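Me: I am new to this structure and would like to learn how to read its features one at a time. Could we go through them slowly, with the general idea before each case?

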Amino acid sequence: MSAHAHCGDNTVNQEESPTMSEGRAPARFSSPGTMPRPYGYSQVEEIIGGDPVYISGQVPLDANNQVVGVGDFAAQTRQAFKNVRLALESVGLTFAHVVKIQMFLTDIANLPAIRDIGDEFVNIEQPPASTTVQVAALFHPDVLFEIDAIAYAPSVTDQSAQ
């Protein structure tokens, strides 16, 4: 569904996602015309209902705590996104429920790889709000990428209404 909200003379394009029962966060995604046009993320997400789920920073570690893809940024990024997916699945959610991601990388030149790999995971029709930051180092010298996420799950009252 598309909707247009008017704030004074400024038009805000908003996209409402389906209800939580359809497997998506109950949110409106928008990019106000008064802000820079985003690429691969939404400027604003307004949560309509549900409860937040916070996913801690995920790095390219496997289930044995071994760094995956030493020296391979794409392999590390893919593993970190997989770890977020596993965390979401552990509470019955998917990337469609994610409303915000933060990504940290040691070399901003790898930003195009993040976008390509991220598109394999996130809802590209209504991408989450995001922040990407280059950092001098992460917790381990072999780790090149980290991501955390905020998702929304149906609230107890939302679940009982379904």
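Predicted model: local features only at pLDDT ≥ 70, side-chain atom pairs only at ≥ 80, totals over all residues.

Me: At roughly what angle do the axes of helix 1 and helix 2 cross?

Reply: The axes of helix 1, which covers residues 73–89, and helix 2 come within 10 Å and cross at roughly 40°, and therefore helix 1 is oblique to helix 2.

Me: Which residues make the contact between the two helices?

Reply: On the side of helix 1 the contact is made by F73, A74, T77, R78 and F81, while helix 2 brings A113, I114, I117 and G118. Sorted by class, this contact of helix 1 with helix 2 has 6 nonpolar, 2 polar and 1 charged residues.

Me: What volume does the largest pocket have, and which residues are closest to its centre?

Reply: The volume of the largest pocket is about 330 Å³. Its lining is made up of 18 residues, of which Y39, G40, Y41, R115 and S130 are the closest to the centre. Two or more lining residues come from each of strand 6 (98–105), helix 2 (111–118) and strand 7 (129–134).

Me: Which element gives the most to the lining of the largest pocket, and how does that lining divide by class?

Reply: Helix 2 gives the most, with 4 residues, and the lining as a whole divides into 11 nonpolar, 5 polar and 2 charged residues.

Definitions and conventions
Residues numbered from 1 in each chain as written. Heavy atoms only, no water. 1 Å grid on protein atoms, 1.4 Å probe; cavity = no way out; pocket = protein on both sides within 12 Å on 5 of 7 lines; lining within 4 Å. Points joined across faces, edges and corners; volume = space filled by probe spheres on them. Nonpolar A, V, L, I, M, F, W, Y, C, P; charged D, E, K, R; others polar. Axes fitted to C-alpha atoms, helices over the stretch in contact; angles between N-to-C directions. Parallel < 35°, antiparallel > 145°, perpendicular 65-115°, else oblique. Contact = heavy atoms within 4.5 Å.
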